[in-house]
Amino acid sequence: MNSPQILRNFTSFLKNPRKFILFFGVPGSGKGTYAALLSKSTGFLNISMGDELRKLIKTAETPLFQRISEEIQQGKLIEDAVIFKILEIQLQKSASGVILDGFPRNVAQMLKFEEKHAINLVINCVLDEEILVEKLLGRRSCENCGKSYNLCNIAKKGYDMPAILPQKSGFCDICQGKLVAREDDTETVIRKRMREYAEKTAILLDLFRKKGVLVDFAPKRGVKDFPEFFAKVVKPKL
Ligand code: ADP
């Protein structure tokens, strides 16, 4: 890129800074799916920290990646140096806005992030705990392209969340890759992730609520509830 081009980009950035939207929600609340839908509606860059970490550990078998892989399986948080490096690389991609799913996970990450960026909107996805566990145990994704499915059909407590099944059992509709459960989607690890999530994020959600940037999204029908939420709550804030 030549200097006038860099200057033009920088000037337009100052006039029109990127919007940052964060997604929160316990594991299984659907935040990844809703983040992807929002990215489609807005054209914003969608960064899922969990997906980025999983991609990373697939690339090589170094001791660092081996350790990250073990920590993910145990439901532990990965060190900030790794997380911020991933973020830095992803944020080099151009887009008028960025959707972050799975970041920040604690106050230290939030403060470090806010040194450079303003957070415009935080979407807190809310779902009943019993339903969450069922949904997570039914979750499958394509080991090749990452597309998500769910084998569990939920119709209780006012919830209406049908299974998302592939046309051919066990295989992806898009690329015919094998559908697999995530290694950390076992009941013990799920409960641990929920505890860890509640302990670490309650304070973050409080802070965002006090700042007035947090909105709750409590769908009973999963993705079917998203368009109305987007039109009434999200769009006016963009
Ligand atoms: P879930 O929402 O189901 O917990 P994610 O895909 O967001 O799953 O994350 C999977 C794992 O990746 C986490 O349990 C944690 O080990 C790691 N991870 C994801 N985001 C972060 C982050 N911001 N900081 C530290 N570790 C993270």
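## Briefing: packing around rings, cores and helices

Leaving out residues up to four places away in sequence, Ser-39 touches Phe-44, Asn-46 and Ile-99, where contact means heavy atoms within 4.5 Å. This is a predicted model, in which local features need pLDDT of at least 70 and side-chain atom pairs count only at pLDDT 80 or more, while totals for chains, interfaces and linings use all residues. Residues are numbered from 1 along each chain as its sequence is written, and side-chain values use heavy atoms, without hydrogens and water.

**Around Ser-39**

- You will find Ser-39 in helix H2; helices (H or I, at least four residues) and strands (E, at least two) are DSSP runs numbered from the N terminus.
- With a relative accessibility of 16%, Ser-39 counts as buried (buried is under 20% relative accessible area, exposed over 50%, partly exposed in between, with a 1.4 Å probe and protein chains only).
- Gly-97 is 58 residues from Ser-39 along the chain, yet their C-alpha atoms are separated by 9.0 Å.

**Aromatic rings**

- The structure holds 10 aromatic pairs (ring centres of Phe, Tyr or the six-membered ring of Trp within 6.5 Å; planes under 30 degrees apart are stacked, over 60 edge-to-face, the rest tilted).
- Phe-20 and Phe-113 form an edge-to-face pair, because their ring centres are 5.3 Å apart and their planes meet at 85°.
- That pair links distant parts of the chain, as Phe-20 belongs to strand E1 (residues 19–24) and Phe-113 to helix H6 (residues 107–114), 93 residues apart.
- Both Phe-20 and Phe-113 are buried.
- Tyr-34 and Phe-217 are also edge-to-face, with centres 5.0 Å apart and planes at 80°.
- Since Tyr-34 sits in helix H2 (residues 31–42) and Phe-217 in strand E8 (residues 214–217), this pair ties together parts 183 residues apart in sequence.
- Tyr-34 is buried at 3% relative accessible area, and Phe-217 is buried at 4%.
- One aromatic cluster is made up of Tyr-34, Phe-217, Phe-226, Phe-229 and Phe-230.

**Nonpolar cores**

- The largest nonpolar core has 42 residues, and those with the most contacts inside it are Phe-24, Leu-53, Leu-87, Leu-100, Phe-103, Val-122 and Phe-208 (a core is a set of buried Ala, Val, Leu, Ile, Met, Phe, Trp, Tyr and Cys residues joined through side-chain atoms within 4.5 Å).
- Helix H8 (residues 187–211) gives the most to this core, with 6 residues.
- A second, separate core has 16 residues, including Ile-21, Ile-99, Cys-125 and Phe-229.
- Setting aside neighbours within four places in sequence, Val-122 contacts Leu-22, Phe-24, Phe-208, Val-213, Leu-214 and Val-215.

**Where H6 meets H8**

- The axes of H6 and H8 are 9 Å apart, and the two helices pack at an angle of about 40° (axes are lines fitted to C-alpha atoms over the stretch in contact, with angles from 0 to 180 degrees between N-to-C directions).
- From H6, Val-107, Met-110 and Glu-114 meet Ile-203, Leu-204, Leu-207, Phe-208 and Lys-211 of H8.

**Backbone points worth a look**

- A cis peptide bond, with omega near -5°, runs from Phe-103 to Pro-104, and Pro-104 is in the loop between strand E3 (97–101) and H6.
- Lys-157 is not a glycine, but has a positive phi of about 55°; the residue lies in the loop between strand E6 (148–150) and strand E7 (179–180).
- Lys-157 is partly exposed, with a relative accessible area of 43%.
- Gln-176 lies in the loop between E6 and E7, has a positive phi near 65° and is exposed at 54% relative accessible area.
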